[in-house]
Amino acid sequence: MCGINIISMEKNMKNTISTLAATALLASTTSVSAGEVEVLHWWTSGGEAASVNYLKDKLSDAGVTWTDFAVAGGGGENAMTVLKSRAISGNPPTAAQIKGPSIQEWGELGFLADIDDVAKANDWDNLLPAVVSDVMKHNGKYVAAPVNVHRVNWMWSNPEVYASAGATIPTTWDDFMVQAKKLQAAGFVALAHGGQPWQDATVFEAVVLGVGGADYYNSAFVDLDMDALNSSTTLEVFETFGNLRQFVDANSPGRDWNVATSMVIEGKAGSQIMGDWAKGEFKVAGKSVGTDYVCTAAPGTSGAHTFNIDSFAFFAQSDASSTEAQNIMAAEILGTDFQTVFNLNKGSIPARLGVSRAEFDTCAHDSMDAFVSASASGSLVPSFAHGMAMSSAVGGAVTDTATNFFNSDQSAADGVAQLVASVKAAM
Amino acid sequence: MLNFLEKNLPKIVLAPTTIVMVVCMYGFIVWTGLLSLTKSRMMPQWDFVGLDQYRRLFANPRWDVAVDNLFVFLILFIIIALVLGLFLAIFLDQKIRAEGAIRTIYLYPMAISFIVTGTAWKWILNPGLGIEKLMNDWGFVGFEFRWLVEQDMAIYTIVIAAVWQSSGFVMALFLAGLRGVDENLTKAAKIDGASTVQLYWHVVLPLMRPVFFSAIVILTHIAIKSFDLVQALTGGGPGYASDLPANFMYTFTFNRAQIGLGASSAMIMLFGVLAILIPYLYSELREKNHD
Amino acid sequence: MTSLKLTKYNIGRAFIYLILLFFAFLYLAPLYVMFTTSLKDIEEIRSGNLMALPIDPTFYAWKKAWSSACTGSECNGLAPYFWNSVRIVVPAVIISTIVGAFNGYVLAKWKFKGSEFLFGALLFGCFIPFQVILLPMAKLLGMLGLANTVTGLVLVHVIYGVAFTTLFFRNYYVGIPTELVRAAKLDGAGFFAIFRHVFIPLSAPIFVVTIIWQFTQIWNDFLFGVVYSGSGTQPITVALNNLVNTSVGGKEYNVDMAAAIIAALPTLAVYVIAGKYFVRGLTAGAVKG
């Protein structure tokens with residue numbers, strides 16, 4: 001590992017020189033070939049693929065060749081395997097889709113490139129909200145560029161379903177149970193859900209925030225305070241989460257999230273708890289927001305914002321032209337053009353300030369407003385179901401506990417015990 | 001010099017394989033063994049912590065599930081594939097018309113990767129799309145087949161799919177074995193008045209011993225590596241109810257940044273194989289040398 | 001009396017045929033589902049029955065899967081990856097088969113002290129879960145300068161294929177009478193001459209078995225392919241996985257299924273065309289443990 005650190009220090013020196021060149025290049029928007037970026041990602045579905053293509057075109061205008069290295073499946077599991085193998089063989093890609101605390105873990109090992117000069121030249125410190133830029137930095141230096149901010153605590157509902165069952169869209173978990181019973185009585189599936197571990201964790205996370213509030217969320221699931229984890233609030237969380245089992249149809253295990261979304265679209269189910277990427281599915285189906293579908297905050301979480309930031313981390317390169325291309329890519333990602341197009345496609349909101357709101361829809365506006373107000377009120381929290389809050393080891397342990405609990409008839413007390421034990425073991 | 005070369009030619013021919021084997025099999029096993037004694041997380045790091053990772057491993061409920069599943073899977077898969085393969089081979093050996101076509105049908109699943117058939121299997125086993133819906137559409141209203149989505153039963157769907165994939169190959173092995181049986185032997189038994197069942201049980205089956213050996217070795221090999229099967233069919237779910245050790249190891253090593261823990265699970269898997277296989281290989285190979 | 005016997009015999013035969021056909025049906029079901037789905041359009045898949053025949057068969061999905069479906073941000077279908085796989089599989093199969101033949105020859109007929117032990121050790125090597133060797137192998141390939149190259153991937157396949165090819169050849173060659181070797185030696189033939197003139201001519205069946213086995217294993221490999229290939233040299237299984245997970249505007253199950261069958265065609269063809277020789281090859285000795 002020492003060897004790698006030394007190499008990356010050398011690279012940093014080179015970086016400084018080539019960044020100046022890169023910024024100059026950008027300024028003159030030349031089309032002279034400026035090297036190649038090999039980008040490892042697992043954005044292969046729906047709007048994601050279209051967004052990646054847009055970035056690819058942007059870079060090729062700037063003279064950078066994009067070599068696509070897509071590894072789909074398993075929520076990035078295969079992609080991470082590839083990344084680790086390539087890093088260990090000394091041949092990492094130029095950039096890879098990594099996010100949250102994982103960026104720190106990679107940085108710790110000395111694999112990441114310092115792109116601080118690009119960031120300085122483009123004033124990232126003022127463009128990015130502190131919650132975003134903190135994640136992108138390692139030891140105070142930028143090593144990654146954010147592409148978006150997702151809000152995870154959304155509930156997508158079909159108003160017609162609710163109307164025909166004589167129910168109203170709930171805003172608290174207690175009310176959810178009442179309304180869900182009505183939906184069920186009318187023959188609908190109350191909660192459209194795909195029983196995959198990360199989806200179970202997504203719902204669990206919404207329950208944690210809705211039942212416990214932001215302070216509890218932060219101390220138990222971000223700071224991993226054992227007293228908070230092993231508290232009566234956690235018990236209440238598990239009870240509520242357990243109550244949801246009855247509102248999910250029996251065929252949900254293994255279902256993809258977008259299949260669950262289509263249950264809401266087709267009027268078979270009332271609501272789905274899912275991040276804002278679900279919006280793309282409604283759009284593809286030609287549905288319009290407000291009439292065909294409604295986006296509201298997950299029960300009990302209005303005003304709060306569970307954020308999930310996608311980003312590209314940059315790996316230290318051995319040749320100057322790659323570093324140069326890397327810098328151009330970093331600058332391009334933060335450009336207003338890319339941030340607008342990418343986020344319109346993906347359903348998320350721009351990670352930087354100063355992007356026009358005009359083109360975005362009401363759900364996105366809600367998300368933007370919630371981001372600002374939650375940030376002020378302290379209820380802006382990182383999504384642990386999407387790897388923003390904890391190391392991947394602890395995050396995995398929480399996901400395991402949630403998914404095992406939801407798919408069994410484990411009691412709430414046992415759920416709490418397993419949560420505490422497995423978090424301790426993974427720390 | 002030339003003489004030396006001539007004399008040691010067999011060893012020289014085997015040398016590259018030996019070197020590669022020592023490095024890429026046993027060397028890597030040792031590497032993994034050492035890694036399992038470190039606290040490595042994201043990437044291999046050589047801070048040794050003793051048997052800490054093994055303690056964590058055995059305290060992990062998900063690992064328990066994976067190990068239990070492996071036993072269920074291994075035993076059921078091998079027995080069902082052997083029995084089914086044997087019976088199909090015996091039936092197919094009765095001078096059947098269109099034998100070639102039927103044999104190809106039995107054999108083809110072996111040719112296809114589970115990355116390919118996984119989706120089809122998911123549909124067939126899914127209650128809302130597959131067999132259950134089909135039977136309901138056909139008028140069998142109460143029919144239920146929902147193992148795929150039941151926590152206790154999901155592992156059996158893995159068994160079904162694995163048997164489907166491999167039993168044809170076992171059939172081919174047995175068929176080959178049956179074709180190799182000396183006809184005079186079976187004729188003699190028939191003259192002695194043995195019934196068909198007696199003939200197969202007392203005369204033919206004992207002759208199939210080497211086939212059993214090959215089949216068991218190959219099936220164990222397949223079972224231990226049944227990784228894509230789980231990945232494609234259940235993704236380890238519902239929850240983590242259908243996880244196998246290979247999937248556990250993969251997830252923890254590559255996705256959970258717990259390489260040390262992953263390595264310790266890999267070592268346990270290897271020891272498991274060792275414990276089952278070595279005595280078996282030893283006794284079988286030994287006996288043959290005495291023949 | 002005879003007529004009664006005949007009926008009993010006939011019932012037995014009918015029973016056997018029934019069982020065989022029943023299982024043939026079961027084995028074919030997944031392929032049937034895949035194939036019929038690939039010929040339906042999306043609307044029909046959504047509304048119709050899984051087992052129903054396509055009402056209006058179309059090859060749209062096949063064309064798209066081969067030449068224009070998206071795998072990540074590239075939309076060139078499976079075609080380029082198909083050829084990548086060929087470039088990986090052909091050398092890997094040839095090399096691992098040849099090495100296996102020589103190894104098997106030595107282990108069967110030129111035993112030396114420790115050769116049996118070596119064989120046992122190699123056999124055990126077949127059982128290493130491949131997930132274990134991913135990282136150390138990556139490091140080794142990096143050191144050799146072969147990381148993420150086709151050559152590196154071929155090498156990996158050869159290394160982990162040789163255990164099986166050796167096993168096949170060794171078991172086959174054990175069945176060839178040692179007298180033949182002795183006689184040839186008396187005639188003054190050496191190590192290679194005996195191999196070429198005595199063993200190779202007898203080896204056709206086992207070559208068939210080994211090549212089929214290796215071809216299937218390597219063509220179907222996903223794990224090594226995804227980890228050790230570079231961008232642009234990914235094999236077809238990796239592309240298929242990307243394709244199935246790529247959906248631009250709704251999932252096209254028919255394209256997924258067509259792509260899956262395309263990815264499986266070469267191995268299917270090998271089994272259908274050479275399956276006869278496969279069983280014959282096994283009969284000829286490969287199963288004699």
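This is a quick walk through one sheet in chain A and then the contact between chains C and B.

So, some ground rules: this is a predicted model, where local features need pLDDT of at least 70, side-chain atom pairs count only at pLDDT 80 or more, and totals for chains, interfaces and linings use all residues. Residues count from 1 along each chain as written, chains are lettered from A and ligands numbered from 1 in written order, and side-chain values use heavy atoms, leaving out hydrogens and water.

Okay, chain A. Its average pLDDT (the predictor's confidence in each residue, from 0 to 100) is 88, and 91% of the residues score at least 70. Residues 1–32 of chain A, though, sit below 50.

Helices (H or I, at least four residues) and strands (E, at least two) are DSSP runs, numbered from the N terminus. Strands pair if DSSP finds at least two bridges between them. In chain A, three strands make an open, mixed sheet, ordered E7-E12-E14. Strand E12, residues 305–308, runs parallel to E14(A) over three bridges, and Thr306(A) stands opposite Val381(A).

Over to chains C and B. How many residues does each bring to the contact? With contact meaning heavy atoms within 4.5 Å, chain C brings 82 and chain B 87. About 7800 Å² is buried there, 80% of it from carbon and sulfur atoms; that's accessible area (1.4 Å probe) lost on putting the two parts together, summed over both. On chain C's side, helix H1, residues 2–38, gives the most, with 17 residues.
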